[in-house]
Amino acid sequence: MKVRVPGKGEKKVFWLFNHLRVGVHMHYSGLVHLGGNLVYLSAIKTIDKATGKIEFVIIASFNKQDQALINYKERWQIETMFRAMKTSGFNIEDTHLNKLERLSTLISVVSIAFIWAYLAGIDKHEKIVTIKVKKHGRRAFSFFKYGLIRIAHALSNTLDISEFNKCVKVLSCT
């Protein structure tokens, strides 16, 4: 992708950040032309653990460039939640609901279940068994999936009420 930098002409976006060390982020000082818009650019240089190749996460924003990477991380967590609600866990699209009231109720209940599974996964990871890291450097399970498996096991294993109580306690503030 190319941008037009005032006073410097057209440049490939990654060239603006190529000097960065891996893991370091930067906000490009000044506005650049991207398409028909003036935007701020922020980036972080990373290495793809699977291939070993250098990659860039480059974010174009209209304001508050110092918040761009923070906002992107928050947005990514939301995307992860939607994936869990859909194909990676609860499959809410399979319900084929079309009444707004029922859909709203379903999303509310699934959101609570998502949070429960997420917290149960973190709890198990920190206190019981750490999630294994695979060869490519990523965890074998997300916290959500780890917690969902834990809750499903606790609900289906009626002989071990203590595990169920631990899963419920995760939701407690006490």
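Colleague: Why is His96 called exposed in this predicted model?

Modeller: The relative accessible area of His96 is 66%. Exposed means over 50%, so His96 is exposed.

Colleague: Where does His96 lie, and what is its phi?

Modeller: His96 lies in the loop between helix 1 and helix 2. Its phi is near 60°, a positive value in a residue other than glycine. Most residues other than glycine have a negative phi.

Colleague: Why is Asn91 called partly exposed?

Modeller: Asn91 has 30% relative accessibility. Buried means under 20% and exposed over 50%, with partly exposed in between, so Asn91 counts as partly exposed. Asn91 is placed in the loop between helix 1 (68-85) and helix 2 (100-127), and its phi, near 50°, is positive in a residue other than glycine.

Colleague: Is Ile161 counted as buried or exposed, and why?

Modeller: Its relative accessibility is 54%. The cut-off for exposed is over 50%, so Ile161 counts as exposed. Ile161 is in helix 4 (residues 161-169). From Trp116, Ile161 is 45 residues away in sequence and 17 Å away in space, C-alpha to C-alpha.

Colleague: How do you know that strand 5 and strand 6 pair?

Modeller: Eight bridges join strand 5 to strand 6 (residues 54-61). Pairing needs at least two bridges, so these strands pair, and they run antiparallel. One of the bridges has Ile44 with Val57 as its partner in strand 6. The two strands form a hairpin with six residues between them. Gly52, in that turn, has a positive phi of about 80°.

Colleague: What makes strand 3 a partner of strand 5?

Modeller: Three bridges join strand 3 (residues 25-27) to strand 5 (residues 37-47). At least two are needed, so strand 3 and strand 5 pair, running antiparallel. Within strand 5, Ile44 is the bridge partner of His25.

Colleague: Which residues make up the largest nonpolar core, and what makes them a core?

Modeller: There are 11 residues: Val3, Val5, Val13, Leu16, Phe17, Leu20, Tyr28, Val32, Val39, Leu41 and Ala43. A core takes buried residues of the nonpolar kinds joined through side-chain atoms within 4.5 Å, so these residues count as a core. Strand 1 (2-5) and strand 5 are the elements that give two or more residues to this core. Strand 5 gives the most, with three residues. A second, separate core of nine residues includes Phe114, Ala117, Ile151 and Ala154.

Colleague: What is Val32 in contact with, neighbours within four places in sequence aside?

Modeller: Val32 is in contact with Val3, Arg4, Val5, Pro6, Asn37, Leu38, Val39 and Leu41.

Definitions and conventions:
Residues numbered from 1 in each chain as written. Predicted model: local features only at pLDDT ≥ 70, side-chain atom pairs only at ≥ 80, totals over all residues. Heavy atoms only, no water. Helix = DSSP H or I, 4+ residues; strand = E, 2+ residues; numbered from the N terminus. Buried < 20%, exposed > 50% of the residue type's maximum accessible area, 1.4 Å probe, protein only. Contact = heavy atoms within 4.5 Å.
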